[in-house]
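This report walks through selected local features of one protein chain. Please keep the sequence and the 3D view open while reading.

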Amino acid sequence: MSTASSAALGINYGQVADNLPPPQSAAVLLRALNATKIKLYDTDPRVLAAFANTGADFTVGLPDRLVPRLAADPAAAAAWVRANILPHIPSTSISAVTVGNEVLSGTDPAMLRALLPAMESLHAALAASNLTAGRVRVTTAHSLAVLATSFPPSAAAFRRDVAPFMGPLLGFLARTGGPFLVNAYPYFAYKADPARVDLGYALFEPTTTGGSGVQDPDTGLKYDNMLHAQVDAVRAAICKANYGKALEVHVSETGWPSAGDDDEAGATPENAARYNGNLMRMVAQGKGTPAAPDEPLQVYVFALFNEDQKPGPASERHYGLFKPDGTPAYDVGVKAPAIKGSGSSTNANGTSGGGGGTGLVVAQGPGGEDAAGQGTGFYTVSAAAVNKVTTLTTLCKFMTNLMLNFTTCK
């Protein structure tokens with residue numbers, strides 16, 4: 001399980017843009033943030049090489065398009081490991097591989113059936129290369145949409161249609177020591193119903209009504225922020241599936257956009273600074289959730305840079321702590337050094353993009369085929385939207401009525 005020494009700030013390093021600085025410059029910004037854990041959506045060799053011998057630890061991604069292939073052909077998993085993992089170890093630390101992203105929230109039956117076999121195939125390939133036994137773990141990330149209900153936390157359970165896939169997957173994670181990853185965004189809850197969802201509760205701050213959070217009526221646990229409630233909802237669902245004591249729960253994505261469309265309430269630099277600043281302080285303090293107070297929560301902030309080529313609403317392109325030229329998107333009170341010479345970058349399509357030309361100056365700000373190359377795919381933040389079954393109406397009922405029954409894992 002997680003320990004205080006293993007909890008550290010993590011950053012999602014997305015690259016769906018044509019104007020990002022080279023990985024060497026990104027490494028300087030990440031050091032300024034004191035972020036020692038980095039999550040990629042592919043196995044970009046430029047990035048992995050740039051962080052060699054730096055002490056940074058990577059979670060890398062195997063894209064959705066390869067999941068069916070690995071499920072059907074163990075030799076494909078072995079080839080992927082040889083091409084994408086072995087060239088970088090041990091100079092670059094890679095501790096986990098995510099197989100697909102939010103697959104169990106999708107509607108493709110073939111993908112749902114292929115997910116676990118692909119994970120098992122990849123685990124076997126890593127074992128054949130002596131990269132298991134705690135060295136490189138295999139997992140996959142989920143959105144909160146895998147839950148049938150999430151408020152209050154103690155009432156949470158996996159959706160009935162997901163349960164047949166989730167149960168065996170939890171068993172795999174328990175056997176192999178892989179963490180359960182969840183993409184959790186309080187922003188989506190606030191955006192969906194800003195009139196009734198308390199902004200302070202979403203931003204790790206006292207509620208605007210003067211309260212200090214909500215209490216789970218069955219467990220008696222008090223929640224002063226929505227992210228902790230979301231994570232403990234996942235814990236409760238795992239617990240009901242009888243795998244609660246054996247699994248770590250990590251937040252593989254969370255963040256707040258600094259800009260958005262006119263109908264995207266709360267997407268401002270001020271709110272983004274409050275959310276991510278408070279989040280970073282919480283991680284630095286080694287805090288766990290109310291249901292697991294002794295397990296410092298591992299969190300990966302989304303994201304390092306604003307990414308100008310992401311589709312969807314404007315908020316999708318404004319989750320970055322930094323702008324592409326290396327200047328902060330907003331101030332969360334962490335000093336970063338000046339960075340010179342941004343150079344050029346390669347976008348998701350493999351074409352060259354400018355890196356700003358004038359160098360990166362940070363004053364006061366927030367501290368190919370078979371995925372062999374960079375830019376093997378992208379996942380929009382909106383894919384991790386709040387569970388539509390529970391929605392914000394359920395949260396409001398929880399915060400006002402506090403009426404539910406649940407038996408916790410002991």
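Buried means under 20% relative accessible area, exposed means over 50%, and partly exposed lies in between, with a 1.4 Å probe and protein chains only. The model is predicted: local features need pLDDT of at least 70, side-chain atom pairs count only at pLDDT 80 or more, and totals for chains, interfaces and linings use all residues. Residues are numbered from 1 along each chain as its sequence is written, and side-chain values use heavy atoms, with hydrogens and water left out.

**Backbone features**

Helices (H or I, at least four residues) and strands (E, at least two) are DSSP runs, numbered from the N terminus. Asn34 sits in the loop between α1 (23-32) and β2 (37-39). Its phi is near 60°, a positive value in a residue other than glycine. Asn34 counts as exposed because its relative accessible area is 57%.

Glu102 also has a positive phi, near 55°, and is not a glycine. Glu102 belongs to the loop between β4 and α5 (109-128). Is Glu102 buried or exposed? Its relative accessibility is 8%, so Glu102 counts as buried.

Two cis peptide bonds deserve a look. One joins Ile89 and Pro90, with omega about 10°. Pro90 lies in the loop between α4 (74-84) and β4 (93-101). Another joins Phe302 and Ala303, with omega about 5°. Ala303 is in the loop between β12 (299-302) and β13 (334-335).

Asn278 is part of helix α10 (residues 269-284). With 16% relative accessibility, Asn278 counts as buried. A polar contact is a pair of N or O atoms within 3.5 Å; within protein, one must be able to donate a hydrogen and the other to accept it, and residues adjacent in sequence count only if both atoms are side-chain atoms. Which backbone oxygen lies 2.8 Å from a polar atom of the Asn278 side chain? That oxygen belongs to Leu203. The side chains of Asn278 and Glu205 form a polar contact of 3.1 Å.

Contact, in general, means heavy atoms within 4.5 Å. Neighbours within four places in sequence aside, Asn278 is in contact with Leu203, Phe204, Glu205 and Ala273.

Axes are lines fitted to C-alpha atoms, for helices over the stretch in contact, and angles run from 0 to 180 degrees between N-to-C directions. Angles under 35 degrees count as roughly parallel, over 145 as roughly antiparallel, 65 to 115 as roughly perpendicular and the rest as oblique. A crossing is left-handed if the near helix is turned anticlockwise from the far one by less than a right angle, and right-handed if clockwise.

Take α4 and α5. Their axes come within 8 Å and cross at roughly 55°. Therefore α4 is oblique to α5. The crossing of α4 and α5 is right-handed. On the α4 side, Pro74, Ala77, Ala78, Trp80 and Val81 make the contact; on the α5 side, Ser121, Leu122, Ala125 and Leu126 do. For residue classes, Ala, Val, Leu, Ile, Met, Phe, Trp, Tyr, Cys and Pro count as nonpolar, Asp, Glu, Lys and Arg as charged, and the others, Gly among them, as polar. The contact of α4 with α5 has eight nonpolar, one polar and no charged residues.

Now take α5 and helix α6 (residues 163-176). Their axes come within 10 Å and cross at roughly 15°. So α5 is roughly parallel to α6. Their crossing is left-handed. Residues of α5 in the contact include Leu112, Arg113 and Met119, and those of α6 include Phe165, Phe172 and Arg175. By class, the contact of α5 with α6 has nine nonpolar, two polar and three charged residues.

**Pairs across the sequence**

Ala17 is in the loop between β1 (9-12) and α1, and is buried at 1% relative accessible area. Ala78, in helix α4, is partly exposed at 25% relative accessibility. His250, in strand β11 (residues 249-254), is buried at 8% relative accessible area. The table pairs each with a residue elsewhere in the chain.

| Pair | Separation along the chain | C-alpha separation |
|---|---|---|
| Ala17 and Gln309 | 292 residues | 4.9 Å |
| Ala78 and Ala124 | 46 residues | 8.3 Å |
| His250 and Ala184 | 66 residues | 9.9 Å |
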